[in-house]
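Please look over the sequence and the structure shown here before reading on.

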Amino acid sequence: MIRMMLISGGEIVDNRKIVLPEKVNDIILALQRHGYEAYAVGGCVRDSLLGREPEDWDITTSATPVEVKAIFPRTFDTGIQHGTVTVLLGKEGFEVTTYRIDGKYEDSRHPKEVTYTACLKEDLRRRDFTINAMAYNASEGLIDIFGGIEDLEQGVIRCVGNARERFSEDALRILRGVRFAAQLGFAIEEETRKGMRELAPTLRKISAERIQVELVKLLVSDRPDMMREAYELGLTREFLPEFDRLMETEQETPHHMYNVGEHTLHAMLNVRADKILRLTMLLHDMGKPALKTVDETGRAHFKKHAFESEKITKQVLRRLKFDNDTLHNVSRLVLYHDYRMPADPKAVRRAMNKIGEDIFPCYMEVRRADVLAQSMYKREEKVKNLDEIEELYRQIVDAGQCVSLKSLAVTGKDLIAAGMEPGKEIGEKLNELLALVIDQPELNTKEELLKHLG
């Protein structure tokens, strides 16, 4: 148990020492020398107490932005309307924000007005969760007013004060709470859950870009299956209603032991924590609900669902403002996630050409994750097939065998030099020669290929 003691004003101070980065400590000390209070605050304190490396260090202070700028020679206004100035030390920037009290929120994101305060407690009171509402400096130690330490110890995500008020201030906090639970392995406290469920519809007011950031962080955490919690709380209905359909679609087939949604959650757990791979597993079966049929024996079928899944994937990724590279790679993997082949060198080379050399290793990871989230029916046979395909893939790569035009031994210039007329026939001939060497890799020499121009 972490030992704590009370200091003046009722704040709780932990006697555990956090080692602040030198530049962070320098900023705090400079503010203190000029008569102001200053602390590291928020996520960096939380992560330090958990033994994690903070991504960044935020500083809170009683000094106003004008006073901060007067102390430090190099600053720029980051969010001056909300009291934030970035202080530059060397090539690093650190956000320094004045203690503040937020006014009324009118858009589920921005306060109508911000009032500066000299009271740290008031500043911490406006923060989202108790574990993010702690402050620290070297001279005073840890300031914990709202029970953040206890919630860290208990593994709980709890709002500071009234959950409904906190979520009304910024609706994204609803999804952030689930994301923190996924990243930290924590449970969500019941009143906080109630607030999330009640205010879930306000997520519609949040920009797609902000939703995207939280979704990706959740997906690449150790618990991407916390998407189940987001569904149960009614969150996915607001930003990913397609997922709700998965959770409501059964799979009456011996190949599956879960409904489509639960299969999706298990598939995400079975693949490494990479954005492209986790998004692929989230979206790979999105086409199943629309294409489900049940035959006279009661067995479900989802014929050509990969094509429908690819279509929905593109719609979802565009709606959530993902970049074009992500959209291109994820949609290709979704399209080919169920592409099967015998463990035969020729079939593997053809698949590498069809799917793409660049994403073929990812395709193999996707296939394996998909199989391992299915039932035990024929699993041994399916896994053996994947193992053999992977071995053949390694052999093909090691041998440098040609599976695309970029490694074909002749180019368009070679064909023209050999007497072919420029035009579309050049491209057609190159593809014909490529098909030849995919089937017979030993023919991939300039001399051999030029023999086939007749």
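Predicted model: local features only at pLDDT ≥ 70, side-chain atom pairs only at ≥ 80, totals over all residues.

## From S3 to S4 and S7

Strand S3, residues 38-41, pairs with strand S4, residues 58-61, in the antiparallel sense over 4 bridges, and Val41 stands opposite Asp58 in S4. S4 in turn is joined by 3 bridges to strand S7 (residues 92-98), and these two strands run parallel, with Thr60 opposite Thr97 in S7.

Gly93 is also found in S7, and because its relative accessibility is 46%, Gly93 counts as partly exposed. Leaving aside residues up to four places away in sequence, Gly93 touches Thr86, Val87 and Leu88, whereas Val114, which is 21 residues apart from Gly93 in sequence, lies 23 Å apart from it in space, C-alpha to C-alpha.

## The packing of H19 and H20

Two packed helices are described by the angle between their axes and the distance between the axes. For helix H19 (residues 360-372) and helix H20 (residues 379-398), the angle is about 170° and the axes are 10 Å apart; since angles over 145 degrees count as roughly antiparallel, H19 and H20 are therefore roughly antiparallel to each other.

On the H19 side, the contact is made by Phe360, Pro361, Met364, Arg367, Arg368, Val371 and Leu372, while the residues contributed by H20 include Arg379, Lys382, Val383, Leu386, Ile389 and Tyr393. By kind, the residues of the contact of H19 with H20 divide into 9 nonpolar, 1 polar and 6 charged.

## Helix H22 and its neighbours

Helix H22, which covers residues 424-439 and has 16 residues, reaches 23 Å from its first C-alpha to its last, close to the 22 Å expected at 1.5 Å a residue.

Which residues of H22 are buried? They are Ile426, Lys429, Leu430, Leu433, Leu434, Val437 and Ile438, and the buried residues of H22 pack against helix H18 (345-355), helix H21 (412-417) and helix H23 (446-450).

Methods
Residues numbered from 1 in each chain as written. Heavy atoms only, no water. Axes fitted to C-alpha atoms, helices over the stretch in contact; angles between N-to-C directions. Parallel < 35°, antiparallel > 145°, perpendicular 65-115°, else oblique. Contact = heavy atoms within 4.5 Å. Nonpolar A, V, L, I, M, F, W, Y, C, P; charged D, E, K, R; others polar. Pairing = 2+ DSSP bridges. Expected span 1.5 Å × (residues − 1). Buried < 20%, exposed > 50% of the residue type's maximum accessible area, 1.4 Å probe, protein only.
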